Amino acid sequence: QQPLELTRKILRDKQNKKNSGQPIPVFPSWVYERPALIGDFLIGTSLSTDTTVPIGTLPLASQESMIVEDLLYVLIGVDGRYITAQALVGRQNRAFSLDPNLDLSIKELVTRILPVAASYSAVTRFIEEKSSFEYGQVNHALAAAMRTLIKEYMILITQLEHLQRQGLLSLQKLWFYIQPTMRTLEILASLATSVDKGECMGGSTLSLLHDKTFNYTGDSQAQELCLYLTKAASVPYFEILEKWIYRGIINDPYSEFMVEEHELQKEKIQEDYNDKYWDQRYTVVQQQIPSFLQKMADKILSTGKYLNVVRECGRDVTCPVAKEVIYTLKERAYVEQIEKAYNYASKVLLDFLMEEKELVAHLSRSIKHYFLMDQGDFFVHFMDLTEEELKKPVDDILTTRLEALLELALRMSTANTDPFKDDLKIDLMPHDLITQLLRVLAIETKQEKAIISADPTELTLSGLEAFSFDYIVKWPLSLIINRKALTRYQMLFRHMFYCKHVERQLCNVWISNKTAKQFSLHSAKWFAGAFTLRQRMLNFVQNIQYYMMFEVMEPTWHILEKNLKLASNIDDVLSHHTSFLDNCLKDCMLTNPELLKIFSKLMSVCVMFTNCMQRFTQSMKLDREMERLTLEHGTMLGPPTEEERAEEAAKKKLTNKLLAEHADNLHLTSGFEATINKFDSNFSTHLLDLLDKLSVYSTNDCEHSMLNIIYRLDFNGFYTERLEHMSAERSQRAPPLLPCL
């Protein structure tokens, strides 16, 4: 008794832990404390007060009569005078003791009938044990079906007893009448033992019953019996299944169903890098999948999930093609019903997201415009407004000021027509792009925890390095545009935003150089070198931007839009969206740390060059400003005279000469020419290295889209000869191939 109590306690604790708000009911203790209620043999207690006559002293006819009476008792779980049940050992079948003085001919026939009593004992114990709440509704239903059959068996024993009282029941007749029941009870006992041994509950009990039904294919009587039991046991399971696939609700207090619900908050979807809601809110429990539903398990899971999402948005959904699911050996019947429910659920959720929640509009009118820099005039306004603010260290930047400037830029540009523009927010990251890249690449890997828990970079970030957009996504769109997807959009945005910043800096240098051209500089050679380098840098940055926006993102976006129109369910939408982001990240060199490292060096060289040129130009501007303040364009007496004009022109000429000399002196004292040459050398080295690596990756990894960068940057063959030279050197360093034998 103790192990059964322990088993029930373990099951009860497990189920109560899962259903914390609704503890499962329990039978009162007296149910288990009164063994006479069970209906099985009571070992060690003699209920009979009659004095037993030694059977060996009786004639054969009297022995038979006494044994028939004993058997009728034993067949319903009560010890007789001459036949008694032995105590159970483990999971073994019930054994019986016969009076040793019994006639051998009678004993032989009795031993043939006793297996029926052993089977009855096993079935009765099973019914009593599995009727406890802890064993679940499927076992309850199976026990109830077995109890119905045992009731029929009891009627048979009553009829036999009636015959016995009339003196019409011999041992041979008893053996004849018990024959049909013998096979039935043997099958029931076999099923009860199998369920006990496997500790089956819910779906696993149905799998066992289904397999047994199939195994009895040649035995129509046994198969019909198993079919009856399986149909009865499957009713509560199919009720849970119907509620799930037709309404998206799980009502499974005993953890028997194949789909398990986990307590996860959908609000976390906005904060969690590695979003778990869609994948882990509902999961399949393999051991609870009935073998006849194994092939449809994924569709059953998806069907309920789709309906559940719509239900959580406050809409009541019920499948219009709902029909009762009934167990049958023909699996096609389940497949058709589940397919119909799946198609309905897919359509309902997809229409809900696409039409009512405007998923495509959010993606194309907001996400694409802002994160993929598709809205040109907005970014010009925004970068003009925030340029000074973003130059500050990130700790000195007021987020509220940036938010105000963002709103101003949105209102001043064509983005003002976007109905979702208010969902766009400013996000100042605690780490630079490289760190963010590593975080995203580490998602769902062993390094994830280490990278997320690592300290932010010790270097002080500028606002520009930390800046990114964020987007407020409400449920249920957050299933598609989840934190993981937004992080990838942010990476693409930060990559392009920094490129745009470098391009603006180089353009500012170009504007400043226009001013410097009016001076008759004696060292025009070094100044021309600086102009040429600036133009090469500008060409590089603009071509990289063109490649990313028009050769990577735009074609990939068109493929995404086409796929979204053809998508038949939300899993397809998720898959297409993730595939789009993965392809963009890969083709923009963000998933290859080696290429990104070289690219970062090139960007750094460009930024350092622009800073150097800006300092030089700023120095010249200050001198020019001082000169301008000394020249007066007239007096209170009226416009300047011809003499004053001539004097002013002479002063201007002298000033230009002095400024040119000042520039030359600046160049000589600071080694400006050497600095420009160093910038030129570094830029060329890194650019060649990038083109070489791109050539290798495009060949080895079949990333043919990356070849477009080489064609754009080396459009006139300027770098071809040097690249061929590097390729030849690399092939010489490679180990020679062994000859084929």
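Tutor: A salt bridge is a side-chain nitrogen of Lys or Arg within 4 Å of a carboxyl oxygen of Asp or Glu. The model before us is predicted, so local features need pLDDT of at least 70 and side-chain atom pairs count only at pLDDT 80 or more, while totals for chains, interfaces and linings use all residues. Residues are numbered from 1 along each chain as its sequence is written, and side-chain values use heavy atoms, with hydrogens and water left out.

Student: What makes the contact between Arg488 and Asp582 a salt bridge?

Tutor: The closest N and O atoms of Arg488 and Asp582 are 2.2 Å apart, and because this distance lies within the limit just given, the pair qualifies. The two partners come from distant parts of the chain, since Arg488 sits in helix α18 (residues 483-516) and Asp582 in helix α20 (residues 570-587), 94 residues apart. Helices here are DSSP runs of H or I with at least four residues, strands are runs of E with at least two, and both are numbered from the N terminus.

Student: How do you know whether Arg488 is buried or exposed?

Tutor: Buried means under 20% relative accessible area, exposed over 50%, and partly exposed in between, with a 1.4 Å probe and protein chains only. Arg488 has a relative accessible area of 14%, so Arg488 is buried, whereas Asp582, at 33%, is partly exposed.

Student: How many salt bridges does a search of the whole structure find?

Tutor: The search finds twelve. One of them joins Arg165 to Glu161, with the closest N and O atoms 3.1 Å apart, and another joins the side chains of Arg411 and Glu407 at 3.5 Å, N to O. Glu129, Lys130 and Asp196 are also linked, in a network of salt bridges.

Student: Why are Arg165 and Glu161 separated by about one helical turn?

Tutor: They are four residues apart in helix α5 (residues 136-165), and therefore about one helical turn lies between them. Arg165, at 68% relative accessibility, counts as exposed, while Glu161, at 30%, counts as partly exposed. Arg411 and Glu407 are likewise four residues apart, in helix α14 (residues 399-412), and Arg411, at 33% relative accessibility, counts as partly exposed.

Student: Why is the pair of Tyr237 and Phe257 called tilted?

Tutor: Rings of Phe, Tyr and Trp (its six-membered ring) pair if their centres lie within 6.5 Å; planes under 30 degrees apart count as stacked, over 60 as edge-to-face and the rest as tilted. The structure holds eleven aromatic pairs. In this one the centres of Tyr237 and Phe257 are 5.5 Å apart and the planes stand at 55°, so the pair is tilted. Tyr237 lies in helix α8 (residues 220-247) and Phe257 in the loop between α8 and β3 (259-261), 20 residues apart. Both count as buried, because Tyr237 has 1% relative accessibility and Phe257 has a relative accessible area of 1%.

Student: What makes Met548 count as buried, and which residues does Met548 touch?

Tutor: Met548 lies in helix α19 (residues 524-566), and its relative accessibility is 1%, so Met548 counts as buried. Leaving out residues up to four places away in sequence, Met548 touches His495, Met496, Cys499, Met553 and Cys588, where contact means heavy atoms within 4.5 Å. Met589 is 41 residues from Met548 along the chain, and their C-alpha atoms are separated by 9.5 Å.
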